[in-house]
Amino acid sequence: MDVLVGGIQSIAAELGQAAIFLSIFSALWAIVSLLIGLRVRKPNIIKSGRNAVVATFILISIATGALIFSFVTDDFSMKYVVEVSSAAQPLFYKITALWGRMSGSLLFWLWLLTVGGAIVVWQNRKAADNLADYALIPIAVVQLFFVMVVTGWIEGVYNPLDRFPGGQAMVDGQGMNPLLQTPSMAFHPPTLYIGWISLTIPFAFAVAALLSGRIGTDWIHRSRRWMLFSWIVLTIGITLGGNWAYRELGWGGYWAWDPVENASFMPWLLGTAYLHSVMIQEKRNMLKLWNILLITLAFQFTLLGTFITRSGIITSVHAFAQSDIGWYFMGFIIISTGGVIALMAYRWQRLKSANRLESLLSKESAFVLNNWLFVGLTLIILWGTLWPIISEAIQGEKAAVPESFFNKVVIIPGLILLFLTGAGPIISWKKITPNNFQRMFISPLFIGVVGGVVAWLFLIFRAHAKAALEISAEAAEVAMPNLLTRVWDFITFSGQPMPIFSILCVFASVFVLVAIFSEFYRGAKLRAKRQTTSFLNGLGLLIQRNKRRYGGYIVHIGIVILYIGIMGSKGYFLLENGKLKLGESMNVGDYQFTMKDSFLEEHDNFIRSGVEFEVRRNGGKPRTMRPSRHYYYTAGQGEQDTIESAIQHQGMNDIYIALGPLPTKEILGGKMSMPEKIDSETDVSLSIYHNPLISVVWIGVAVMVIGGLVAIAEKSITTPRSQTV
Amino acid sequence: MKNLNMHPYIKICTSLLVIVVLFLFSKSPIAQETDNTLRVTSDDDEMHLEKQLDELLTTTYCFCGCVRETNKACVCETAQGIENMFRNRLLEGKTVEEIRTAYLKQYGSQYHAVMKAEGVNLLAYVMPAVILIAIGGVIFGIRHRSRGNKVMTQSDKQISDELQQHLESELDKYKNQN
């Protein structure tokens, strides 16, 4: 039986290898035949090019399938399987090991890219023109680059289907990095890859527009759903990454401006800018050049992310994925950007706008400002991410760029963007009139100001209540200052830094919510009146008739919720570190944490060691929390133990416990260490966080995704071939 | 009764004003905070030490590999060792600055979790503003260019995607006939 399985494994690996090498020819064939076919206008040659794109998909699917088969059947004659899998690894993580390290993740990326290419062929099988065929050329070029990387010919990465020389096989694998053996990490990389890869398609259509000379809105319509899809998936992917960091890294946060977090965020920002600016091209026939530039930048930033992740130029939590391969990505970025710039120069005359901005106070200007800030934020984040290298070049020493730097430099553009989230939808096209301003802006602005004042009062009461708690009884008897001093102290937070950005955030959030809900209300009321139906039916009809617009508004509501969540969780969290023995307690905010018991549990591929806490809020009903650490038998290239924080939701807030190192004993002659049960004499070090409004962050993202799904439901404008022939 | 029929916004503002005034004339905790120096207790030394330790832990990164986690947030063994080392040095009478400088000298400046806007770092803080201004300039340039080319683009606009598509299908038909 083993011989039979071994034989099949061997055949699968060989087949996969052959498929990868054959895909070089199919990708090349696609590029050449599409270029020639479109040039000489020969439908048969064009069709051959399309078929080659599908063939690449089939070949890479075979290679990917072969690798998954090797994981599932524990083929430890394969280098990659040994590196990221082990016999004891659960089946689910054996499959997700496909993207556990670089070689496999590049193959997976390539496979997704070929899926994208095949879908473009299928979607446009009845298209009236050759725009999609032009788009297949850049898609095939990107595919070819990835195929070349996956073959293992390039230094720094080996072919994931490579076997050990001489038919050798290991007894077991090293196992995947334990940090990656979590559900959110199982889905985080593929969602990000899908998001990045689907950005390739709108980029390809932009290049197609340049190649074909059809710089109208056709390419935008054809790639609109791809762009939205990419945006939705990237939003989910980035959030899953944040959720993973929150649960697994034990530092109580979800975003630390890590270089790789930034790398995933930058294409998202540019994609969001593009989603807005294309509306100006569609409505006013403006910003053609800018839109092509934006989508090119968004695509190139997906590759730049890979460069940052893989090159090792910057230290990151994703250090497990480093090699020299990033420099090949850099080369590809430079060459492909150069190609697009050359095409833009060639089509320069056609890229000119047909209209102009008539007023700085108009919807077009709001969109332009929005684009300015999105692109500005992207470049600011890039600047901060690259600062360690720049500082090293200047002073010979790498500087660390702390989270606080990014928070400081992005907060003002971020708040202006939040304000625009409400102003954009209600400002009129071409030029704002006094009537439009009065009708649309006065109420949201006024209620926004009231919201800001309420937030200011709330924060004052909160700050002073906290100060009162910290002050001893003797100090309470100090002489009462005069009224003026008291007024001044009151409004200036008694010399404490005033949380001006929180107040502005609340003001802008309230403004946006009022503006957006007014839009919904007015529209639904009108629709209900016209159709003589109920308000709710009117609302349903309103969204149904213009999913793109109202889906976008729902996204804006999600953004507001997200901002509030970020404000609460980043600005007002509490952290206490301590050491406790069993039976001892510590207090954080309103909560008392008592360490009641310890436990040790054996699982298939790890041992779980932890403690049980009894948590009471203001002496109320007790709740149980069980933070722990997992100690893996096989740990791949990662640390052997992982932090498994205990998180309890209290309304919109979280309380969060992460354990420090636990007592262990050495086994296998000191090669490994495994946990021991915690006794009453052991000091357990721990960090306890109170994270306000953190659930609001996840809710905000969910609302954004729902809005995106509503917007994507609107059908794109396509003309079937039968109507034109 | 007629006087009470106010605009809702005015009602809200009046209510807020009443709250603020009431708060001002109540016994505010602000008064209690005005002279913290009087709080001389036996725990003062320990509190001072903890404050200094906290400053050290929050301004330095752990070098264990948990990148971008300050020694305060990191829950690994290395961070624990660093905390003990910091505590011992403080008890020896060393200042926060001395301990931090020694730590950064030993492990490298990349473990400094604070980036002060001074020296070469000033460039890092100034550049975001420059970037925003530069992009504004680019957008302004594009806008200006679109104004200047209005006449040309009107004629260009006449060749729409649909027209070009039609032309191409006609050309294909012609080629197939021949």
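Biologist: Which residue stands opposite A:Ser628 in E7(A)?
Modeller: A:Glu644 stands opposite A:Ser628 in E7(A). This is a predicted model, where local features need pLDDT of at least 70, side-chain atom pairs count only at pLDDT 80 or more, and totals for chains, interfaces and linings use all residues. Residues are numbered from 1 along each chain as its sequence is written, while chains are lettered from A and ligands numbered from 1 in the order in which they are written.

Biologist: How many bridges pair E6(A) and strand E7?
Modeller: Four, in the antiparallel sense, with E7 covering residues 641-644 of chain A. Two strands count as paired if DSSP finds at least two bridges between them. Strands (E, at least two residues) and helices (H or I, at least four) are DSSP runs, numbered from the N terminus.

Biologist: What about E4 and E6(A), how many bridges there?
Modeller: Five bridges join strand E4 (residues 606-617) of chain A to E6(A), and they run antiparallel. A:Ser628 turns up again, as the bridge partner of A:Gly610.

Biologist: Are the residues of strand E6 buried or exposed?
Modeller: Five of the five residues of E6 (residues 628-632) of chain A are buried, so the strand is largely enclosed by the rest of the structure. Buried means 20 or more other C-beta atoms within 10 Å of the residue's own, exposed means 12 or fewer, and partly exposed is in between, with C-beta atoms placed from the backbone.

Biologist: Which residues sit on which side of E6(A)?
Modeller: A:Ser628, A:His630 and A:Tyr632 are on one side, A:Arg629 and A:Tyr631 on the other, and both faces are covered. In a regular strand the side chains alternate between the two faces of the sheet.

Biologist: Switching to the open sheet, what is the strand order?
Modeller: The order is E1-E12-E9-E8 in chain A, with antiparallel pairing. E1 (574-580) and E8 (646-650) of chain A stand at the edges with a single partner strand each, so one side of each has no neighbour in the sheet. The twist averages 15 degrees from one strand to the next, using axes that are lines fitted to C-alpha atoms (for helices over the stretch in contact) and angles from 0 to 180 degrees between N-to-C directions.

Biologist: And how many bridges pair E9 and E12?
Modeller: Six bridges, between E9 (residues 653-659) and E12 (residues 684-691) of chain A. A:Asp654 has A:Asn691 as its bridge partner in E12(A).

Biologist: Which loop holds A:Leu693?
Modeller: The loop between E12 and H20 of chain A. A:Leu693 has a positive phi of about 60 degrees although it is not a glycine. Most residues other than glycine have a negative phi. A:Leu693 counts as buried, with 23 C-beta neighbours inside 10 Å.

Biologist: What is the phi of A:Trp257?
Modeller: Positive, about 55 degrees, and A:Trp257 is not a glycine either. A:Trp257 lies in the loop between helix H8 (218-248) and helix H9 (259-284) of chain A. A:Trp257 is partly exposed, with 19 other C-beta atoms within 10 Å.

Biologist: Where is confidence lowest and highest?
Modeller: In chain A, helix H21 (residues 721-724) is lowest at a mean of 38, and helix H20 (residues 694-712) is highest at 96. The score is pLDDT, the predictor's confidence in each residue, from 0 to 100. Chain A averages 86, and 90% of the residues score at least 70.
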